[in-house]
Amino acid sequence: FVHLSWQHYCWNALALLLLGACVLVVAPAAADPDDGRGSGSRLTAAFAAASAFIAVTSGFCVWCLARPALHAGASGVVCGYGGGLV
């Protein structure tokens, strides 16, 4: 992801690391309440698919709805992970 400043990059990297780890922990329990563990490859594929979906849809929404300016960063994915956890 492209960022406009190092501060923006560092905050997004921290949020992606923390929320991404939370999504990996919570997602198996939500997908299969009886087991909660799941296989590693299945979890990785689901996490990658969810991340790609969030990145594409948030980027599309910014492209269609945001004001005409320079928009860069992973904030859409960070907010998508937060919404997924809620």
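The exercises below, each with a worked solution, concern a predicted model.

Residues are numbered from 1 along each chain as its sequence is written. In this predicted model, local features need pLDDT of at least 70 and side-chain atom pairs count only at pLDDT 80 or more, whereas totals for chains, interfaces and linings use all residues, and side-chain values use heavy atoms, without hydrogens and water.

**Exercise 1. Overall composition**

State how many helices and strands the protein chain has, and what share of its residues is buried.

Solution. Helices (H or I, at least four residues) and strands (E, at least two) are DSSP runs, numbered from the N terminus. The protein chain has 3 helices and 0 strands, and its elements run α-α-α from the N terminus on. Next, apply the burial classes: buried is under 20% relative accessible area, exposed over 50%, and partly exposed in between (1.4 Å probe, protein chains only). Of the 86 residues, 13% count as buried.

**Exercise 2. An aromatic pair**

Classify the ring pair formed by Trp6 and Tyr9.

Solution. Rings of Phe, Tyr and Trp (its six-membered ring) pair if their centres lie within 6.5 Å; planes under 30 degrees apart count as stacked, over 60 as edge-to-face and the rest as tilted. The structure holds 3 aromatic pairs. In one of them, the ring centres of Trp6 and Tyr9 are 5.7 Å apart and the planes stand at 85°, so this pair is edge-to-face. As to accessibility, Trp6 is exposed at 69%, while Tyr9 is partly exposed at 39%.

**Exercise 3. The buried face of H3**

Identify the buried residues of helix H3 (residues 75-85) and explain why they line one face.

Solution. The buried residues of H3 are Val77, Val78 and Tyr81. Viewed down the axis of H3, they fall within an arc of 105° (taken from the directions from the helix axis to the C-beta atoms), so they line one face of the helix.

**Exercise 4. The surroundings of Leu24**

Determine which residues Leu24 touches, not counting residues up to four places away in sequence.

Solution. Leu24 lies in helix H1 and is partly exposed, with a relative accessible area of 40%. Contact means heavy atoms within 4.5 Å. With residues up to four places away in sequence not counted, Leu24 touches Leu43 and Phe47. Leu24 and Thr44 are 20 residues apart in sequence, and their C-alpha atoms are 8.3 Å apart in space.
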